[in-house]
Amino acid sequence: MKVRDLIFFNVLLMAPTLVYGACSVANLTRCLDSVCAINIGANPAARCQYCGSSTAGEPTKSAGMKSISAGASAKYVISDKELKSAPTEPGARYVWGTKLCLEKVAGCTPDDVEEKYDPLIEQSCKAAGISAEMANFTKKANEKKTQNSCSSDITTCVIDAKRCGADYGKCESDADLDKYFAECGVLSSGCEDFLAAIKSELTSARDTSIANADKLLENIINSYKTAREQRLASAQQSCKNNKAKQDCINRVCASNMRNKCGLKLDTVEVSKEKHDLIKVESTVAEQLCKFYDTACERLK
């Protein structure tokens with residue numbers, strides 16, 4: 001069951017005791033704050049931590065903490081005595097507090113809580129997120145960095161696809177490398193003592209990468225050139241003594257001609273009709289392979 005449905009169900013159970021009228025948003029907020037906004041003045045994330053999400057962390061506790069109920073009219077707030085029974089899990093505390101506040105503030109419904117108070121919890125959660133992020137940044141800034149960790153962080157930043165790229169293709173010029181290095185150096189706080197050494201490492205890595213890329217391209221070009229030259233030499237060899245054309249004729253006769261272009265007519269006696277047919281087959285095979293004459297002429 002969803003939190004809001006659970007609240008509505010609980011409210012229905014006590015409906016006969018409620019006197020409905022216009023909902024006072026001020027009184028409803030004051031009541032819910034007495035459950036969810038303890039120490040809100042010093043801790044903007046309180047609503048989120050008490051009644052929003054457990055991921056926002058534990059509520060800040062100090063000797064000077066005060067609940068909204070302290071010194072306030074008991075008519076519209078949850079008393080300190082009642083708060084001792086409040087659940088600690090944010091979702092359960094939200095349900096618990098809503099049920100009690102709807103009993104105290106006449107005319108209000110779960111829809112009023114959702115519409116008027118939930119946005120306050122969301123704002124608090126945003127504050128908790130910002131606070132957590134800033135605290136994490138401060139912690140990182142104060143950590144003692146080593147040259148290896150700084151080198152790893154800055155290198156990862158520099159070779160990102162949005163900057164130099166893994167092959168340093170966007171940083172062939174020193175100006176581009178300097179620009180991205182400066183940007184990544186600022187992002188990696190605590191590495192100031194190692195920047196000069198890391199810059200030297202990156203410049204060397206950039207130069208090696210580009211040199212290797214040029215060498216690789218040259219090797220590829222040479223391999224294609226060698227392959228072309230080998231194919232040309234093989235083709236020229238096939239043209240010697242008309243070998244390529246004769247091999248073509250033999251294949252055509254063996255695969256496509258019914259009489260295989262005939263046997264040796266001087267040793268096997270055949271009819272004139274078959275003799276003529278064999279001659280036609282030989283002529284067709286010759287014509288089909290005639291393109292070798294043109295090809296070989298061009299290869300000379």
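This is a short chat about a predicted model.

Biologist: What kind of model is this, and how are residues numbered?
Modeller: It's predicted, with residues numbered from 1 along each chain as its sequence is written. Local features need pLDDT of at least 70, side-chain atom pairs count only at pLDDT 80 or more, totals for chains, interfaces and linings use all residues, and side-chain values use heavy atoms, with hydrogens and water left out.

Biologist: What's the mean pLDDT of the chain?
Modeller: The mean is 80, and 81% of residues reach 70 or more. pLDDT is the predictor's confidence in each residue, from 0 to 100.

Biologist: Where is confidence lowest?
Modeller: In helix α1 (residues 3-13), at a mean of 45, while helix α2 (residues 25-36) is highest at 94. Helices here are DSSP runs of H or I, at least four residues, numbered from the N terminus. Over residues 1-20, pLDDT stays under 50. Where pLDDT is low, the predicted coordinates should not be read in detail.

Biologist: New topic: where does Arg-163 lie?
Modeller: In the loop between α7 (147-158) and α8 (174-187).

Biologist: Is Arg-163 buried or exposed?
Modeller: Arg-163 is buried because its relative accessible area is 12%; buried means under 20%, exposed over 50%, partly exposed in between (1.4 Å probe, protein chains only).

Biologist: Which residues does Arg-163 touch?
Modeller: Leaving out residues up to four places away in sequence, Arg-163 touches several, including Cys-157, Tyr-180 and Glu-183. Touching means heavy atoms within 4.5 Å. Its side chain also reaches the backbone oxygen of Cys-157 at 3.1 Å.

Biologist: And where is Asp-247 found?
Modeller: In helix α10 (residues 243-256). Asp-247 is partly exposed, at 28% relative accessibility.

Note on methods. Helix = DSSP H or I, 4+ residues; strand = E, 2+ residues; numbered from the N terminus. Polar contact = N/O pair within 3.5 Å; in protein donor to acceptor, adjacent residues only side chain to side chain.
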